[in-house]
Amino acid sequence: MFFKDSLYAKRQYVFEAQTQSYWRNLQMTWLKGPVTPLVFSLIFALFSNCSDNQVDIANNTSEDQAAEEIFNSGEKEILRKRYSDAAEKFTEVERLYPYSDWAKRALIMQVYSYHKDQSYDNVVSAANRFIEFHPNDKDVPYAYYLIGLSYYDRVLAIGRDQELAKEALKVFNLIKEEYPESEYAANSEIRFNFLRDHLASKEMEVGRYYLKRSHYAPAINRFRGVVEEFSTTSQVPEALHRLVEAYLSLGLVNEAQTAGAILGYNYRSTAWYDRTFELLSSKGLKPKSLGNSWLNQIYRQVVKGQWL
């Protein structure tokens, strides 16, 4: 038994010695061979890349944290109702870290801050930028809604700017048609209808101005515009009555009676129809569709249930 153990130990010793000699020769071959620089270059590049990746990760983490800190400071300014300062903070996030995840959030918060600050032109600019950069984002309807409000609020403040009202109508109509399921669709519908009534009322003001001064042709054009373009607004009954007045003043009896007939068909329970009926009766006339004017075409549509 002893003999066998001794023989095994000897063989093991020889094998280890041969192995060590083989690896020493192989190392010397590498060091002397032409491939050695390439091997060391690859090893150096490997460690360099690892180091660069670690630096990039650290930098990205640092930038993300910095962007978050600025964003949070902007939210604090909103809580303090310092909306202009808040907008500056969110603008800083977008400017310094345009490719971070915080930039998109900061941009929509800019829009909100400008809206609260009543900085209407900046609302439109920032919101359009958000829509352009993120057309499929869930906050796009909100961005459109704030654009609409920027026009709507100025209409209420100024009271006479019809161009702003028209711009607001376009935006609210877009929200209704393109984003009917959004939470802003219902409010857009309400404001859309209000603005249409607002525009119709402005047309009525101008029409009454001309009518009082006996400028019947331009007055009729204004009232006709209300009937044709704003047919679902509350201004239509008065517009039809004013048409009766204007046409009677011009001696156009058929048109006056036809306008009265339309008024009676759609708004018989209104005070405007009572006044029209009384006016026509005083002339020995009654509401009735006669002739072939634009009013007769409307009357035929009304009877068939295709209008109003």
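This is a predicted model: local features need pLDDT of at least 70, side-chain atom pairs count only at pLDDT 80 or more; totals for chains, interfaces and linings use all residues.

Guide: Residues are numbered from 1 along each chain as its sequence is written, and side-chain values use heavy atoms, with hydrogens and water left out.

Visitor: How many helices and strands are in the chain?

Guide: Helices (H or I, at least four residues) and strands (E, at least two) are DSSP runs, numbered from the N terminus. Here the chain has 13 helices and 0 strands.

Visitor: What percentage of the residues in the chain is buried?

Guide: Buried means under 20% relative accessible area, exposed over 50%, and partly exposed in between (1.4 Å probe, protein chains only). Of the 308 residues in the chain, 38% are buried.

Visitor: Which residues form the negative surface patch?

Guide: A patch joins residues with over 30% relative accessible area and no salt bridge; like charges are linked within 9 Å. A salt bridge is a side-chain nitrogen of Lys or Arg within 4 Å of a carboxyl oxygen of Asp or Glu. Asp and Glu count as negative, with the charge placed at CG of Asp or CD of Glu. In this model the patch consists of E63, D64, E68, E69 and D101. Helix α2 (residues 36–79) contributes the most, with 4 residues.

Visitor: Where does D101 lie, and why does D101 count as exposed?

Guide: D101 belongs to helix α4 (residues 101–116). D101 counts as exposed because its relative accessibility is 66%. Just after α4, Q118 adopts a positive phi of about 60°.

Visitor: What span does α4 reach from its first C-alpha to its last?

Guide: The expected span of a helix is 1.5 Å times one less than its number of residues. With 16 residues, α4 reaches 24 Å, close to the 22 Å expected.

Visitor: Why is α10 described as largely enclosed?

Guide: Helix α10 (residues 236–250) holds E238. Because 12 of its 15 residues are buried, α10 is largely enclosed by the rest of the structure. E238 is buried, with a relative accessible area of 10%. E238 and T270 stand 32 residues apart in sequence and 9.5 Å apart in space, C-alpha to C-alpha. Just after α10, G251 takes a positive phi of about 80°.

Technical notes:
Patches are made of residues with over 30% relative accessible area and no salt bridge: like charges are joined within 9 Å, nonpolar side chains (Val, Leu, Ile, Met, Phe, Trp, Tyr) within 5 Å. Accessible areas come from the Shrake-Rupley method with a 1.4 Å probe; for residues, only the protein chains shown count as cover.
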